[in-house]
Amino acid sequence: MPICFSRILLGGDTGPHWASVFVSGSVTDAEAVKQTHVCQEAVRNHPEIRTWPALCVAYVGRGLSSTLETVDASEFDLEIMNRTGDRFLDECGVRCAGGLCQMIISTCETIRALRVRPGRMPEMIDIPNVLDALQAEVSGYIEMLGLDRGVCLICNRERKLRGFPTNRQVGGDIIAGTFLIAGEADGEFCSLSDTDAALYAEEFAQPPPSCSDPGKSTQWTFHVF
């Protein structure tokens with residue numbers, strides 16, 4: 001049976017690292033690219049790079065024009081291909097199957113968080129668990145407020161000084177500007193559980209308050225980043 005395989009080019013002209021590798025089958029998703037040794041090596045050698053461009057192209061043997069009626073390349077096939085390198089593409093009968101796929105590979109862990117914007121309903125988002133991504137969400141330096149065990153609120157620490165629009169009342173305080181509700185474990189941010197997400201989505205579903213309630217008080221835990 002004719003075989004099907006993909007060539008993955010990681011990095012391209014944007015650097016600082018680029019490499020290619022042959023893998024079995026037609027690769028069209030980022031997770032498959034992440035499993036390749038060239039991607040793992042690139043991440044280890046360049047931890048400062050958070051996103052990598054990748055180009056995946058599917059190929060078949062015996063001069064076919066599509067991946068129909070082919071089988072995925074075996075480990076033996078791949079050993080020969082990767083030992084030969086890109087010169088293997090010049091072999092007789094190897095043809096592009098038209099499965100060109102461009103993608104961006106993110107090396108950052110993402111977390112599930114509840115985004116609460118002024119005047120809008122809360123929404124669940126996936127966000128890279130890195131400082132610059134969190135700061136972008138709240139438009140500046142972040143401050144973490146402990147809400148409950150394993151749950152925290154992430155907001156802009158200068159929200160009152162910068163005149164952000166009133167958002168929601170939390171305990172005895174008014175939070176201005178967009179904020180996030182995320183999980184917290186051992187001082188690190190993590191994904192919000194489905195139960196907590198539903199709880200806080202309902203709590204913050206109400207429109208912005210006109211004033212704070214002096215009768216309520218909350219014990220906060222502050223962390224500034």
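Helix H4 (residues 131–138) is followed by Ser139, whose phi is positive, near 65°. Helices (H or I, at least four residues) and strands (E, at least two) are DSSP runs, numbered from the N terminus. The model is predicted: local features need pLDDT of at least 70, side-chain atom pairs count only at pLDDT 80 or more, and totals for chains, interfaces and linings use all residues. Residues are numbered from 1 along each chain as its sequence is written, and side-chain values use heavy atoms, with hydrogens and water left out.

The buried residues of H4 are Ala133, Leu134, Gln135, Glu137 and Val138. Buried means under 20% relative accessible area, exposed over 50%, and partly exposed in between (1.4 Å probe, protein chains only). Several strands contribute to the cover over these H4 residues, including S7, S8 (123–128), S9 (142–148) and S10 (151–156). S13 and S14 (188–190) are also included in that cover. Here, contact means heavy atoms within 4.5 Å.

A salt bridge is a side-chain nitrogen of Lys or Arg within 4 Å of a carboxyl oxygen of Asp or Glu. Arg115 lies in strand S7 (residues 110–116) and Glu137 in H4, so the pair ties together parts that are 22 residues apart in sequence. Both residues are buried. For Arg115, the relative accessible area is 13%.

Arg115 has a further partner in Glu123, with the closest N and O atoms 2.9 Å apart. Glu123 is partly exposed, at a relative accessible area of 30%. Glu123 also bridges to Arg117, where the closest N and O atoms are 3.8 Å apart. Arg117 counts as partly exposed, at 26% relative accessibility. The whole structure holds eight salt bridges.

Gly119 is found in the loop between S7 and S8. Gly119 counts as exposed, at 61% relative accessibility. Gly119 and Pro165 are 46 residues apart in sequence, but 9.1 Å apart in space, C-alpha to C-alpha.

Strands S11 (residues 166–170) and S12 run antiparallel and are joined by four bridges. Two strands pair if DSSP finds at least two bridges between them. S11 and S12 form a hairpin with two residues between them. In the turn, Gly171 has a positive phi of about 60°. The bridge partner of Arg168 in S12 is Ile175. Asp173 and Ile175 point one way from S12 (residues 173–176). Ile174 and Ala176 point the other way. All four of these S12 residues are buried.

A pair of aromatic rings is described by the distance of the centres and the angle of the planes. Rings of Phe, Tyr and Trp (its six-membered ring) pair if their centres lie within 6.5 Å; planes under 30 degrees apart count as stacked, over 60 as edge-to-face and the rest as tilted. Phe5 and Phe22 form an edge-to-face pair, with 5.7 Å centre to centre and 80° between the planes. Phe5 lies in strand S1 (residues 3–10) and Phe22 in strand S2 (residues 19–24), so the pair ties together parts that are 17 residues apart in sequence. Both Phe5 and Phe22 are buried.

Phe179 and Phe204 also pair edge-to-face, at 5.4 Å centre to centre and 80° between the planes. This pair links distant parts of the chain, 25 residues apart. Phe179 is in strand S13 (residues 179–185). Phe204 is in the loop between helix H5 (194–203) and strand S15 (222–224). Phe179 and Phe204 are both buried. Elsewhere, ring pairs link Phe5, Phe22, Tyr59 and Phe88 into a cluster. The ring of Tyr141 carries a charge instead: the charged end of Arg157 sits over it, 4.7 Å from its centre. A charge sits over a ring if NZ of Lys or CZ of Arg is within 6 Å of the ring centre and within 35 degrees of the ring normal.

Overall, the protein chain contains five helices and 15 strands. Of its 225 residues, 40% count as buried. Among contacts between residues at least 6 apart in sequence, 65% join residues at least 24 apart.
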